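Please read them alongside the sequence and the coordinates.

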Amino acid sequence: MSTLRALAKAQAAAAGVAQPVATVRHLHLAERPLVLVPLAMAGEANAPLAALVGAAPDEARLLIVPQPRNRQQRFAFAAELAGIVLPYLDSVRGVSEAVPTDRGRDVRHRYVDAPQLLVPNPAGVTFLRLLGRSTRFRRPDGDYPVHPSVPLLGRWLTFFAERAEHPGSAALLAMTEALTLHWATGQSAVEDLHLPALLGWIDPPAGLTGAAAAARAEDPTVCPPAGPATDPDFDNRLLAPAVAAYAEEDPVARAAAYAELERLLRDQLAPTWELMWRGVGLLRALPPGARVAGRWDGDKDAFTGYAEHVDAGGGPQRRRDGAVAAAVRLHRLERALTSYAVQRAYDDPLVMAEYRLTGEAFVGGVTLADPKRVDDTGKRPVLRPRIQVVTTEPVLVPVGAALYSPARPAQKARVVFVTPGADGKTEVVLELSGGMGRGLTAPPGTVPEVGERLCLTTLSDAFLPAGNFPAPEETPWTHGGPPAAAPPTDGPAAHVEGGSAVPASGGDDGDPAEEWA
């Protein structure tokens, strides 16, 4: 936890209401996000019990599994869910746009928009990841067939779960994480995972403090859990008798039990559904950061690429990455995390304040400027203006260090002199390069003027080159060596994937395939 967030949490506890830790919204919000509130059965590995799904507050559709231990009903639930999710994905695939590549010498095409899924908390992301893992290898033919939409749904859910791991991606968002990115509450990080309590701090009802609203929201009789786990008292007292009643052979009794299950599960999910859209409204009220659109372009690129892979008949994602693929993926996520942190700081002075506290940034006023200075010591003269910045903040960067300004991210400022003053002020002389064209005269506005207040930081938003990794067939022996060829397998229910035979379909009793989760 940073010093600034710790201070904000202390202020929230003292004031009784959450404190903002961002001045702009650091994530994209689609015009019609698909909200999904899942419930899973306690004691079963990711056995779906119900879900409330829809792309608008008045479009909620309830899906339930009357007997969660019955695999056929589980896959029927997956097929129903696919009937909602897949058309939603298709709805954003109507129009493409041309994107210049290779410095404008070529173009590629991507969809102008991408889908966005919202779940209440990180456990909801885990639910979708496990649901995708358990369905993407199933087959619509052979033993224990499933509806053709089920494996396709599994592949798309896996895609969204993988995008959720990508820093800065907004394709799949947990509402609790989205809210805590912008507000600090007076409770612990674990308590912030409870959506009703979190919203109680951020937007408490009239007459209640954040702490009182959070304590009230934690009462399951007032506001049921946001899923996917259910309240044990609800399980034992209400859910278990209704599930047992549905097992009766009498059709009339089964119909009555099904209606009772629908009522119970809707009552459990409806409060969270309302809280999800309340959270969407709070986030939408914040202006988006300047670099949010660029990160959403990355989600559009990823969505377009995977849609083309699916359309071309490509196979499902591997069950486990190989050594080289895992290293490449980790490196890609690390680069994205570094870029995301820099972009948030550039977009938001409140986030940049955290780096000012650690000495990685400072703010000062420009007192001197020489925009026409030319360095002619090399083979040809180059424009190298110099400015002097005076600051009252600690300057911990050494002479020769490169600094950057969010106001001019393409420009680099090299520290020439650092002169501490007796009055607590520090003079910093900087030599500028980049972002001023190719001539010997700087265009207006490219060189900071005297009187301008400037933020300078060691954080750079420059392109991060990718690392060099061996080809999969050149995997070092320290990491298992090259992948071995898969042995032949018999039976229509086997799917060879990643060098091993993987069961590909499931049923209820006597199913030889893998477990649901």
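1. Why can strand 2 (residues 34-40) be called largely enclosed by the rest of the structure? Seven of its seven residues are buried, so strand 2 is largely enclosed. Here buried denotes a relative accessible area under 20%, exposed one over 50%, and partly exposed anything in between, with a 1.4 Å probe and protein chains only. Helices (H or I, at least four residues) and strands (E, at least two) are DSSP runs numbered from the N terminus.

2. Basis of the values. The model is predicted, so that local features need pLDDT of at least 70 and side-chain atom pairs count only at pLDDT 80 or more, while totals for chains, interfaces and linings use all residues. Residues are numbered from 1 along each chain as its sequence is written, and side-chain values use heavy atoms, with hydrogens and water left out.

3. Strand 2 in its sheet. Leu34, Leu36, Pro38 and Ala40 point to one side of strand 2, Val35, Val37 and Leu39 to the other, and all are buried. Strand 2 pairs with strand 7 (residues 117-119) in the parallel sense over two bridges, where Val35 stands opposite Leu118. With strand 3, the pairing of strand 2 is antiparallel and runs over six bridges; Leu39 has Ala50 of strand 3 as its bridge partner. Pairing requires that DSSP finds at least two bridges between two strands.

4. Ala55 lies in the loop between strand 3 (48-54) and strand 4 (61-64), and is buried at a relative accessible area of 9%. Its C-alpha atom is separated by 4.3 Å from that of Leu34, although the two are 21 residues apart along the chain. Not counting residues up to four places away in sequence, Ala55 touches Arg32, Pro33, Leu34, Tyr88 and Trp277; contact means heavy atoms within 4.5 Å.

5. Overall dimensions and composition. The protein chain has twelve helices and 19 strands, and its C-alpha atoms fill a box of roughly 90 × 65 × 45 Å along the principal axes. Buried residues make up 46% of the 517 residues. Of the contacts with a separation of 6 or more, 68% are between residues 24 or more positions apart. The accessible surface comes to about 24800 Å², with 56% of it belonging to carbon and sulfur atoms; such areas come from the Shrake-Rupley method with a 1.4 Å probe, and for residues only the protein chains shown count as cover.

6. Helix 11. This helix (residues 323-347) has 25 residues and reaches 36 Å from its first C-alpha to its last, close to the 36 Å expected at 1.5 Å a residue. The expected span is 1.5 Å times one less than the number of residues. Among the buried residues of helix 11 are Val324, Arg329, Leu333, Tyr340 and Asp347. The buried residues of helix 11 pack against helix 4 (149-164), helix 10 (292-311) and helix 12 (349-357), as well as strand 14 (402-405), strand 15 (408-420) and strand 17 (453-457).

7. Two hairpins that share strand 15. Strand 14 and strand 15 pair in the antiparallel sense over four bridges and form a hairpin with two residues between them; Ala402 stands opposite Arg414. Strand 15 also pairs with strand 16 (residues 426-433), in the antiparallel sense over eight bridges, with Ala413 opposite Leu432. In this second hairpin there are five residues between the strands, and Gly424 takes a positive phi near 85°.

8. Backbone geometry to inspect. A cis peptide bond joins Gly227 and Pro228, with omega about 0°; Pro228 is found in the loop between helix 7 (210-217) and helix 8 (232-246). Tyr144 is not a glycine, yet has a positive phi of about 50°. Tyr144 is placed in the loop between helix 3 (122-135) and helix 4, and is partly exposed, with a relative accessible area of 29%.

9. Individual helix residues. Which residues does Thr158 contact, leaving aside neighbours within four places in sequence? They are Gly132, Arg133, Arg136 and Gln317. Thr158 belongs to helix 4 and is buried, at a relative accessible area of 7%. Leu4, in helix 1 (residues 3-15), is in contact with Leu350, Ala353, Glu354 and Leu357, with neighbours within four places again left aside.
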